[in-house]
There are 2 protein chains.
Amino acid sequence: METVKSIDRLRELIKEKKAQNPNLTVGFVPTMGFLHRGHASLLEAARRECDLVVLSIFVNPLQFGPNEDFERYPRDEERDLNISEEAGADLVFFPQVEEMYPSPTKTIVSVSGVSEGLCGASRPGHFDGVSTVVTKLFHIVQPDRAYFGLKDAQQVAVIEQMVKDLNMPVTIVPCPIVREADGLALSSRNVYLSEEERSQALVLSAALNAAERLTEERGSGFTAAELTALIRREIGRSPLADIDYAEVLKYPTLEPFTAPEAGQRIIVALAVRFGRTRLIDNRILNIR
Amino acid sequence: METVKSIDRLRELIKEKKAQNPNLTVGFVPTMGFLHRGHASLLEAARRECDLVVLSIFVNPLQFGPNEDFERYPRDEERDLNISEEAGADLVFFPQVEEMYPSPTKTIVSVSGVSEGLCGASRPGHFDGVSTVVTKLFHIVQPDRAYFGLKDAQQVAVIEQMVKDLNMPVTIVPCPIVREADGLALSSRNVYLSEEERSQALVLSAALNAAERLTEERGSGFTAAELTALIRREIGRSPLADIDYAEVLKYPTLEPFTAPEAGQRIIVALAVRFGRTRLIDNRILNIR
């Protein structure tokens with residue numbers, strides 16, 4: 001495994017590999033580092049499906065709001081490199097902010113529609129930052145396949161829309177959420193949680209489980225309002241939980257619905273604060 | 001020369017050529033068709049510098065405002081194909097609107113700064129349409145080099161900014177303006193002009209010539225206000241000319257200046273209406 005900090009050097013290395021094998025397929029896993037088993041599962045999927053696996057680790061300032069956690073976002077280069085190597089990465093791209101933004105970008109890639117609700121409403125400018133940096137990274141790495149975790153389901157929807165609209169020559173591979181044994185979705189931000197917050201944060205997966213049970217029991221015989229009330233009630237069991245959003249929407253369009261139809265897919269999407277820490281989680285459900 | 005209407009087929013053909021020659025360089029000339037010698041000069045430059053020359057002909061609705069000339073923009077497929085072949089194109093990509101926009105795009109690539117004055121001010125949304133379609137075309141063709149005429153100097157500045165900001169793996173090659181013997185810059189829109197308008201449209205190149213003479217005589221000894229007054233006076237010689245803008249700016253930043261500095265580059269940029277026809281022209285001048 002090789003670690004690269006410069007865009008030019010990364011391009012050079014990938015070019016060399018392609019010269020050796022013109023049919024080389026490149027799998028790409030863009031991350032913000034502080035890797036966990038969720039990221040490792042993306043790398044493992046890329047390893048299975050591609051010849052060359054490229055990981056990027058870049059905490060992208062453009063996708064953080066002025067009052068968000070850019071500065072304190074957890075970073076651990078050594079640990080990240082160990083996890084990357086073990087999960088099968090070939091190249092790790094680890095640029096400084098100045099390498100990615102030598103001057104403030106004047107160009108923004110902006111996706112309307114799917115980006116506007118949920119995290120897009122809570123975090124203005126967030127998805128413009130995501131789609132812009134992902135575009136930059138795609139242009140640098142030029143992958144055949146790019147792997148994204150479904151914990152950020154809205155991010156996946158935004159990127160899939162962008163790839164389709166801009167004819168980007170890459171296949172997006174959404175990968176399942178990875179959870180702790182007790183149900184908490186893995187997140188680099190879990191490290192922020194106090195012991196008590198960590199324990200109460202289980203209401204997120206509990207709410208999703210309750211939602212899944214309801215749809216299994218009732219098929220399409222429920223309303224969005226009922227399901228929303230159920231998940232809010234479940235989250236309300238934690239005195240520390242402060243709901244940012246708790247919504248049920250059509251998937252992947254992220255449009256609201258009143259009552260589901262059989263055969264439809266819906267998403268239950270949650271963002272909940274515990275102290276200063278904002279956690280997200282979701283489940284995509286097939287309505288019978 | 002081969003003509004292709006489908007994105008998939010174009011990608012397939014380019015892939016085949018690359019399989020035959022892994023070091024193949026692709027030169028790309030994006031146009032809106034109704035080709036003239038200006039476009040031919042771009043193709044000829046691409047022919048000299050690249051192995052495979054791809055031309056696209058697409059009148060992009062996204063870069064036209066609601067009251068602009070999208071519908072009446074001149075089109076002549078047969079003539080275009082003759083000119084392309086003669087100028088050395090290998091592949092002509094000729095998509096329908098539905099091929100490029102199977103559904104309305106939700107993704108926009110937007111460049112701030114350089115896009116905001118001149119044509120950006122007169123034609124709101126125009127450069128978002130340009131940068132978005134050029135991004136799409138770059139993703140479809142994946143060229144090594146892309147050729148643009150300097151008659152649209154602001155367009156070149158916008159695209160260069162976009163390529164830099166988004167790390168697009170392509171070299172932009174700006175090419176000189178091509179003119180009729182009497183000085184009129186070639187434009188697909190010249191066909192709109194009546195005989196009288198055509199004759200009076202010479203005030204554009206005359207104004208640019210006058211500006212060039214002034215900078216040659218005076219070096220940096222003039223003000224932007226003086227130069228602007230001069231070009232407006234020259235254009236004013238035509239009773240039919242209706243000035244949209246006539247500006248002198250720093251180049252390539254397109255920022256205003258009061259007095260130039262020796263060694264600086266400036267642009268004299270004009271947009272003038274003759275009846276329903278809006279013509280643009282410009283000259284980039286090196287200040288001694």
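Q63(A) is buried, with a relative accessible area of 9%. The model here is a predicted one, and in it Q63(A) sits in the loop that runs between β3 (52-57) and α3 (77-87) of chain A. The side chain of Q63(A) makes a polar contact of 2.9 Å with the side chain of N60(A). Setting aside neighbours within four places in sequence, Q63(A) is in contact with M32(A), E68(A), R123(A), H126(A), G129(A), V130(A) and V133(A).

Q63(A) turns up again in the UniProt record: an unreviewed entry there carries a "binding site" annotation that covers Q63(A) and Q155(A). These positions span 93 residues in sequence, yet no two of their C-alpha atoms are more than 11.5 Å apart, so they gather at one spot.

As for Q155(A), this residue belongs to helix α7 (residues 153-165) of chain A. Q155(A) is buried too, at a relative accessible area of 16%; the cut-off for that label is under 20%. Not counting residues up to four places away in sequence, Q155(A) touches F127(A), V130(A) and F148(A).

With a relative accessible area of 19%, T228(A) is buried, because the label applies under 20%. Beyond residues up to four places away in sequence, T228(A) touches A246(A) and V248(A). Between the C-alpha atoms of T228(A) and A146(A) there is a separation of 33 Å, with the two residues 82 apart along the chain.

Terms used. Residues numbered from 1 in each chain as written. Chains lettered and ligands numbered in written order. Predicted model: local features only at pLDDT ≥ 70, side-chain atom pairs only at ≥ 80, totals over all residues. Heavy atoms only, no water. Buried < 20%, exposed > 50% of the residue type's maximum accessible area, 1.4 Å probe, protein only. Contact = heavy atoms within 4.5 Å. UniProt positions renumbered as here; feature names shortened; annotations may be inferred. Helix = DSSP H or I, 4+ residues; strand = E, 2+ residues; numbered from the N terminus. Polar contact = N/O pair within 3.5 Å; in protein donor to acceptor, adjacent residues only side chain to side chain.
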